Amino acid sequence: MKLSIKYTLTLLFSLSLLSGCDQGFDEVNTNKVDPTSLAAPMVLNKAIINTNYLDGFGTLGMLTYNFGIVQQIITPYGSSLSGANYDQVNSSNTPLVWQNFYRNVLKQLVSVLAQTKSDPLQINTYNAARIWKAYVFMILTDTYGDVPYFEAGQGYTTEIITPKYDAQQDIYKDLLKELDEASAGLTTTQSPIVTDILYGGDVAKWKKLGYSFMLRAAMRLTKVDPAMAQSYVAKAVAGGVLQSNADNSILRHTAIYNNYIANHLQAREKTNFYLAAPFVDYLKANNDPRLPIFSVRYVGAKGGQEQVAARASSDPAIQIGMPMGYNDVSINTVLAQNNVVSLWDFTQVNLTTVLKLDAPEYHVTYGQTQLLLAEAAVRGWVTGTAADYYAKGIRANLEQMASYGSTIPEASIKAYLDAHPLDAGKALDQINTQYWVASFLDGTEAFANFRRSGFPALKKNPYPGSEVKGDFIRRMPYPDSEIIVNSGKLNEAITRQGPNTLDTRVWWDKK
């Protein structure tokens, strides 16, 4: 059949229009300000920020358990605030670390690692992400015990949505390997990544961070594998750990980007949380210059509305910590013997210093590191004297108070050190009790080191409704959600580790 001239011309004209419309189509329909992938250093920054006190992880999760278990901050209230104050399971707060880390932090870190692993120009971002991932998993496994590790965070990459739980012993072995390789793998031959939120791309400081985390991880194994612990302590020291407070790993805050626990307390929980008596009593008995920085008491307050500036005092002599083992009703039976008029009259955390809105948050510090080296020296694992490391660790934490706007005078630092020399017969007690103080507000680390070392020598919470059969809470139970989405692998972990209760000890937590 022959086509008419008119039809042929119309067809050619239409095709020419289609061809013209197609030219530049990809460019026109590409949104140049909506990236399909984010730069790996930016995602790493997000992971670091999300590791901290976000989305309940550092609020009710930290306030109701970690701080209460180590008897530094306590609340007499129950319901949504129950936890270590009553030694009970609160299934709303025990999963918070798990949920934040697996849903946010690890997903971001796995993405960074996948994006940078084969790119030699991003070797420092790759190794920094490995270091941070090891730190994140330390917190996870220390909190719950056996957890998904080798297959974790791979839902988007390998479609593993029911990862197996790995034994904590295997996790720690790999964490130490990762910290060793990643710290050594950082290089100064590349330009610094100045957008790095922790150190501005300072590779030397990232190396010190990695080796300091390695020291911390190695010391976890003192009771279960001292040979491995000693080996990695030596590697950490040889690699180079934090050398001063200038090396501390800090998340800085501003009037706009607030310290999350500070914001939480100042916004709605101020009247609910108090410094615990064991912590206040220790600081008072030792004339500790940190007490007035840590504390404030609204003297004579009979209610939350009376906790006003006119009543506020940080005078160490009048600080009174809240005793353990009481709820908001039974606490009224011991007010007179504690010389307070109400529960609102007990000492609280100072919201103008350590928990002001722009107060910094620490991941690992020079003071903590020196105190761990003091214990390593007691065990004969490092050169140098335990007394020297001990004094340096205490001094570092005292000087760290300046970051809260509360500089301790040199004369006061010297007086405190002179009054508290290391006694060889009580060395492990002294060192780890000072670590407890130096880890104030670092709840996950204070909880972990307390279980590992057994110090300070706290008394069991005497609350009559306690669900804990042993002395203290030893771990957080797995989230109920895991029973639904990953019950088979969860049951394998419970069979291996022990009952899913507050009493079950993690692998390195031996009597």
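The model is predicted, so local features need pLDDT of at least 70 and side-chain atom pairs count only at pLDDT 80 or more, while totals for chains, interfaces and linings use all residues. Residues are numbered from 1 along each chain as its sequence is written, and side-chain values use heavy atoms, with hydrogens and water left out.

**View 1. Overview of the chain, with 19 helices and nine strands.** Helices (H or I, at least four residues) and strands (E, at least two) are DSSP runs, numbered from the N terminus. Along the principal axes, the C-alpha atoms fill a box of roughly 110 × 55 × 50 Å. Of the 511 residues, 56% count as buried; buried means under 20% relative accessible area, exposed over 50%, and partly exposed in between (1.4 Å probe, protein chains only). Among the contacts with a separation of 6 or more, 74% are between residues 24 or more positions apart. Contact means heavy atoms within 4.5 Å.

**View 2. Crossing of helix α4 (residues 60-69) with helix α17 (residues 443-453).** The two axes come within 8 Å and cross at roughly 35°. Axes are lines fitted to C-alpha atoms, for helices over the stretch in contact, and angles run from 0 to 180 degrees between N-to-C directions. The crossing is left-handed, a term for a near helix turned anticlockwise from the far one by less than a right angle (right-handed if clockwise). From α4, Met62, Asn66, Phe67 and Ile69 meet Gly443, Thr444, Phe447 and Phe450 of α17. The residues of this contact are five nonpolar, three polar and no charged. Ala, Val, Leu, Ile, Met, Phe, Trp, Tyr, Cys and Pro count as nonpolar, Asp, Glu, Lys and Arg as charged, and the others, Gly among them, as polar.

**View 3. The open sheet of three strands, in the order β7-β6-β8.** Pairing in the sheet is antiparallel, and β7 and β8 are the edge strands, each pairing on one side only. Two strands pair if DSSP finds at least two bridges between them. Two bridges join β6 to β7 (residues 312-313), with Tyr298 partnered by Ala312 of β7. β6 also pairs with β8 (residues 348-349) over two bridges, where Val296 stands opposite Gln348. In a regular strand the side chains alternate between the two faces of the sheet. In β6 (residues 295-298), Ser295 and Arg297 point one way and Val296 and Tyr298 the other, and all are buried.

**View 4. Helix α14 (residues 386-400) and its cover.** The 15 residues of α14 should span 21 Å at 1.5 Å a residue, and the end C-alpha atoms are 21 Å apart, which agrees. The expected span is 1.5 Å times one less than the number of residues. Buried residues of α14 include Tyr389, Tyr390, Ile394 and Leu398. Their cover includes β9 (361-364), α13 (366-378), α15 (410-419) and α16 (427-438).

**View 5. Leu502, in the segment after α19 (487-497).** Leu502 is buried, with a relative accessible area of 3%. Leaving aside neighbours within four places in sequence, the contacts of Leu502 include Asp87, Val89, Phe472 and Met476. Met476 is 26 residues from Leu502 in sequence and 5.8 Å away in space, C-alpha to C-alpha.
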